[in-house]
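Please describe this structure for someone who has not seen it before.

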Amino acid sequence: MKRQTSLRAFVIAGLLVAVALATLVSPWANSNPDGLERVAMDEGFAGQATDHALASGPAADYQIGVSSGEAWGTAAAGLVGVAVTFCVGAGLVAMARRRRSSHTRRSDAMVP
Amino acid sequence: MHVPDGFIDGPTSLAAAAVAAGAVTVALRRAGSTLDDRVVPLAGLVSAFVFALQMLNFPVAGGTSGHLLGGALAAILVGPALAIVVMTVVLGVQALVFADGGLSALGVNIVLMGLVAVAVGHGVFTILVRVLPVGQRQIVAASAIAAWTSVVVASIAFSVIFSFGGTVEIPMATLTGAMVGVHVLVGVGEAIITAMTVAAIVAVRPDLIHAGSTRTAQVSPAVSSR
């Protein structure tokens with residue numbers, strides 16, 4: 001019977017894989033239009049798309065710190081994205097649980 | 001499949017945002033009442049993982065690319081409620097930090113990739129796991145089929161939303177045909193990536209596969225006794 005991987009090891013290993021994918025692999029991702037963009041072009045409504053309000057933001061289009069299309073900029077964006085999504089995801093659920101437990105504390109106390 | 005600003009009209013975008021907000025509120029409340037302490041790090045991990053995988057566009061036919069949506073994968077890993085939260089986090093960060101997916105279209109994108117893909121992925125996976133004989137290989141096969149179906153149904157859902165609230169008029173049949181035509185191929189990539197991820201997790205921690213948890217839990221002893 002093999003020893004089970006601990007949750008901590010699992011989460012750290014998973015995050016390392018995510019960081020590797022987002023920094024080392026993502027710069028070489030295919031840059032062709034995606035399925036929806038392709039259909040929008042073929043069916044003639046691609047031009048309806050308007051500029052994103054944050055299109056000139058510091059991390060727009062998955063580029064951070066360098067001019068558009070450079071691998072380093074994509075890798076930096078990947079690293080930032082993985083860190084931010086992890087923190088927001090875990091943080092949001094932690095907050096939801098805390099609020100929940102403070103709501104239920106009183107009713108819990110009535111249970112002998 | 002990130003819908004940009006300008007594709008969907010105001011009222012429809014607003015309606016989608018209301019639906020998304022309602023669903024996310026319910027999902028967060030459900031996630032908050034879970035007694036299992038593991039949900040916090042797992043929500044973070046699955047958010048980060050789906051974000052990373054969404055950056056990896058793979059080629060599909062004819063100068064077109066596709067990337068993982070991740071709704072089915074998230075539902076299989078952490079269950080539908082937490083998956084809705086995870087997908088909303090990913091789509092929100094993409095729209096607000098990386099200018100990917102329109103701000104006005106955030107509700108539409110959450111509906112498509114957070115609600116439709118999660119619901120379909122969860123539903124198909126749960127049914128298949130219940131129908132198929134218990135085993136690791138069956139769980140992997142079920143997740144592949146669930147992933148493929150989630151992408152195709154999400155592409156149909158886009159077509160339906162666009163034919164009601166699109167800023168140009170395109171016959172629903174034409175648009176649906178075009179969307180499904182591309183996304184049956186994108187779905188193959190989704191199926192492969194989802195199956196590979198689920199296979200890797202089933203091999204080390206089968207108890208961390210959530211959906212149909214009573215069924216997948218039965219796989220655990222078989223795994224550890226090997």
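Chain A contains 3 helices and 0 strands, where helices (H or I, at least four residues) and strands (E, at least two) are DSSP runs numbered from the N terminus. Along the sequence the pattern of chain A is α-α-α. The model is predicted: local features need pLDDT of at least 70, side-chain atom pairs count only at pLDDT 80 or more, and totals for chains, interfaces and linings use all residues. Residues are numbered from 1 along each chain as its sequence is written, while chains are lettered from A and ligands numbered from 1 in the order in which they are written.

Of the 112 residues in chain A, 30% are buried (20 or more other C-beta atoms within 10 Å of the residue's own, with C-beta atoms placed from the backbone).

Chain A also touches chain B: 57 residues of chain A are in contact with 61 residues of chain B (C-beta atoms, placed from the backbone, within 7 Å). Helices H1 (7–25), H2 (35–42) and H3 (71–110) of chain A each give two or more residues to that side. H3(A) gives the most, with 18 residues.

In chain B, the axes of helix H6 (residues 136–165) and helix H7 (residues 172–204) come within 7 Å and cross at roughly 155°; axes are lines fitted to C-alpha atoms over the stretch in contact, and angles run from 0 to 180 degrees between N-to-C directions. H6(B) is therefore roughly antiparallel to H7(B) (over 145 degrees).

The table gives residues by class.

| Contact of H6(B) with H7(B) | 23 residues | 9 residues | 1 residue |

Ala, Val, Leu, Ile, Met, Phe, Trp, Tyr, Cys and Pro count as nonpolar, Asp, Glu, Lys and Arg as charged, and the others, Gly among them, as polar.

Notes
A residue is buried if 20 or more other C-beta atoms lie within 10 Å of its own, exposed if 12 or fewer, and partly exposed in between; C-beta atoms are placed from the backbone. Two residues are in contact if their C-beta atoms, placed from the backbone, lie within 7 Å. Angles under 35 degrees count as roughly parallel, over 145 as roughly antiparallel, 65 to 115 as roughly perpendicular and the rest as oblique.
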